[in-house]
Amino acid sequence: MDNPKELHYTKEHEWVKIENGIGTVGITDFAQHSLTDIVFVELPEKGKQVEQFKQLTVLESVKSVSDIYSPISGEVTEVNESLSDSPEQVNKSPFENGWIAKIKLKDEKELENLMTAEQYNEYLKTKEH
Amino acid sequence: MKLIFEKGAEGRKGVSLPELDVEKKENLIPKALLRKELNLPEVSELDVVRHYTKLSTLNFGVDSGFYPLGSCTMKYNPKINEDMSFLQGFALTHPLQGEELSQGVLELMFELEKALCELSGFERFSLQPAAGAHGELTGVMITKAFFKKKEENRTKLLIADSSHGTNPASCVLCGFETIEVKSDKEGNLDLEDLKEKMQQDVAGLMLTSPNTLGLFDKNTEEICKIVHEKNGLVYCDGANMNAIVGISKPAEQGFDIMHINLHKTFSTPHGGGGPGSGPVGVTKELVEFLPAPLIDKNRKGFYLNYDLENSIGKMRSFFGNFGILVRAFTYIKGLGTSLKEVGENSVLNANYLAVNLKKDFDLPYNRICMHEFVLSDKNFPNQVTTMDLAKRLLDYGFHAPTIYFPLIVHGAIMIEPTETESKETLDEFIEIMKKILKEAEKEPEKLKNAPQNTPVKRLDAVKAARQPDLRWKKQ
């Protein structure tokens, strides 16, 4: 699966899509693949204030439990409730139906700390075994 | 196999009660309170005996086969430990019977604590924590209390990237933020990374020693020094103490707090058996924070000392898993000075396996190991995974090693033979591991479809986690 061009990426393999000042956050295809089958997504609370690169929530796969870090700072305005019943959407559709939370972007400058799809692709090359 | 609820027939009983010799009264229980949905099994005595006898044969334990589950130290549990814990004076003790009637029990706890102090170099131990992770929590709470008393606000704790998952969990429970410290190429903690992260707002470091790669960090003293220079505390996750018991003392290496898993190093049962026990030891300056009560002695005899002003409080109801303490005490006293050979032989056995297996398997941290070692899935052919290998081992009558941990090794296979296995068993395991690798090349479907010889075939772990079916219901 290609990493969509319009998204911004973190080193911890999260992505964020900015639309009208709201960032939709999820994990990348590489992340879902390394985690293997995801069985539980702890949804963050609406209204929670998060900071860039600090813990947003926790995700559980058959293999391990992993922290998900927020690509941007701001307030959580919406969460993907459907993941409670079908966490496998994160595996099947990491960039679309598998989004985790929407965060109100606090500081546009923070996007400079993130990678473009192209940079992320390069970064992944250094990660391969 | 059918459940006990699915066996038997309506009206079948295991006992026959004598005729009533009083007048039978109907409707003694109001109808509204009578329940029919319980579906209690209606079976004969023989049905019950056969059912549970059969169930017991489906068990796999260290008494039935080799159990190389890394990090868990599934060593043999000597039966004399069981005998001692069943002695009436121990087994029939009630925790509220008072100090006067509990002198023997208290003496055993007192002596066990002394033995643990001697083996680890720490000043005092609390025997309360009921398992390793519970010990970690105790240790982190002590760390918190220590800085609270000093009126220092330290909000972070450092954790090695090879640590047990319970380490960060214990920190978070106490409100600390965790920061991961990297391992270097040899599997030691990266000193530069540690120096950078050990700042003034960091309370300390949690380090597993020997670490989860089965390696003794050669920089342990230096690591403790770096943390101490910033007045932090170093916690030793002692889950792997088996390798060094009787040989080196963690307190002398610079650690401030440590838990010891009695159910690993000191041979008490675990793995569906249990319960566990994770005593926590501390240096002199931290004794005042230990959970109360401690067992002390005065002119009258042994007593429960609650007089600890800065104690973090009780960590468990009553005084810990006492039956387990008896077993560990028996083990320590039974072995005496030859306890040292436990460490030596566990290291020898692990290295024997590692050296023989690394000819065919990838050993990413290729150096002399301690009590365990970690292989990777690097040279597996035909998309065979670590999971497939582990499942295939079950077909050959071995318990699987720990897999996919530590996370820093790809497809990790963590093998810990323990000192209680004979050379014959180790040779057999080596042969089977090599055989499975050959099967992976020529007949990979044998691994993909494994296990075949077990009571249940490969379980759908994903479905079990996503849609757990936890309760039997009558159709």
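Me: Where in chain B is Pro210(B) found?

Reply: Pro210(B) sits in the loop between strand 4 (202-208) and helix 8 (220-229) of chain B. Helices (H or I, at least four residues) and strands (E, at least two) are DSSP runs, numbered from the N terminus. The model is predicted: local features need pLDDT of at least 70, side-chain atom pairs count only at pLDDT 80 or more, and totals for chains, interfaces and linings use all residues. Residues are numbered from 1 along each chain as its sequence is written, while chains are lettered from A and ligands numbered from 1 in the order in which they are written.

Me: What kind of peptide bond joins Ser209(B) and Pro210(B)?

Reply: That bond is cis, with omega about -10 degrees. Ala450(B) to Pro451(B) is also a cis peptide bond, with omega near 0 degrees. Look for Pro451(B) in the loop between helix 14 (444-448) and helix 15 (461-466) of chain B.

Me: Which elements does chain A have, and how do they run?

Reply: Chain A has 3 helices and 9 strands. From the N terminus on, the order is β-β-β-α-β-β-β-β-β-α-β-α.

Me: What does the radius of gyration say about chain A?

Reply: The radius is taken over C-alpha atoms, and the globule rule is 2.2 Å times the number of residues to the power 0.38. For 129 residues, a compact globule would have a radius near 14 Å; chain A has 13 Å, which agrees. Along the principal axes, the C-alpha atoms of chain A fill a box of roughly 35 × 35 × 20 Å.

Me: How much of chain A is buried?

Reply: Count other C-beta atoms, placed from the backbone, within 10 Å of a residue's own: 20 or more is buried, 12 or fewer is exposed, and in between is partly exposed. Buried residues make up 40% of the 129 residues in chain A.

Me: What is the phi of Thr36(A)?

Reply: Phi is near 65 degrees, a positive value in a residue other than glycine. Thr36(A) lies in the loop between helix 1 (29-35) and strand 4 (38-42) of chain A. With 17 other C-beta atoms within 10 Å, Thr36(A) is partly exposed. Thr418(B) has a positive phi too, about 70 degrees, although it is not a glycine. Its loop runs between strand 12 (413-415) and helix 13 (423-442) of chain B. Thr418(B) is buried, because 25 other C-beta atoms lie within 10 Å.

Me: Is Lys438(B) buried or exposed?

Reply: Lys438(B) is exposed, with 11 other C-beta atoms within 10 Å. This lysine is found in helix 13 of chain B.

Me: At what angle do helix 4 and helix 10 of chain B pack?

Reply: Axes are lines fitted to C-alpha atoms, for helices over the stretch in contact, and angles run from 0 to 180 degrees between N-to-C directions. Helix 4 (residues 103-120) and helix 10 (residues 322-335) of chain B pack at about 55 degrees, with axes 10 Å apart. Angles under 35 degrees count as roughly parallel, over 145 as roughly antiparallel, 65 to 115 as roughly perpendicular and the rest as oblique. Helix 4 and helix 10 of chain B are therefore oblique to each other.

Me: How many residues of chain B are in contact with chain A?

Reply: Two residues are in contact if their C-beta atoms, placed from the backbone, lie within 7 Å. 8 residues of chain B are in contact with 8 residues of chain A.
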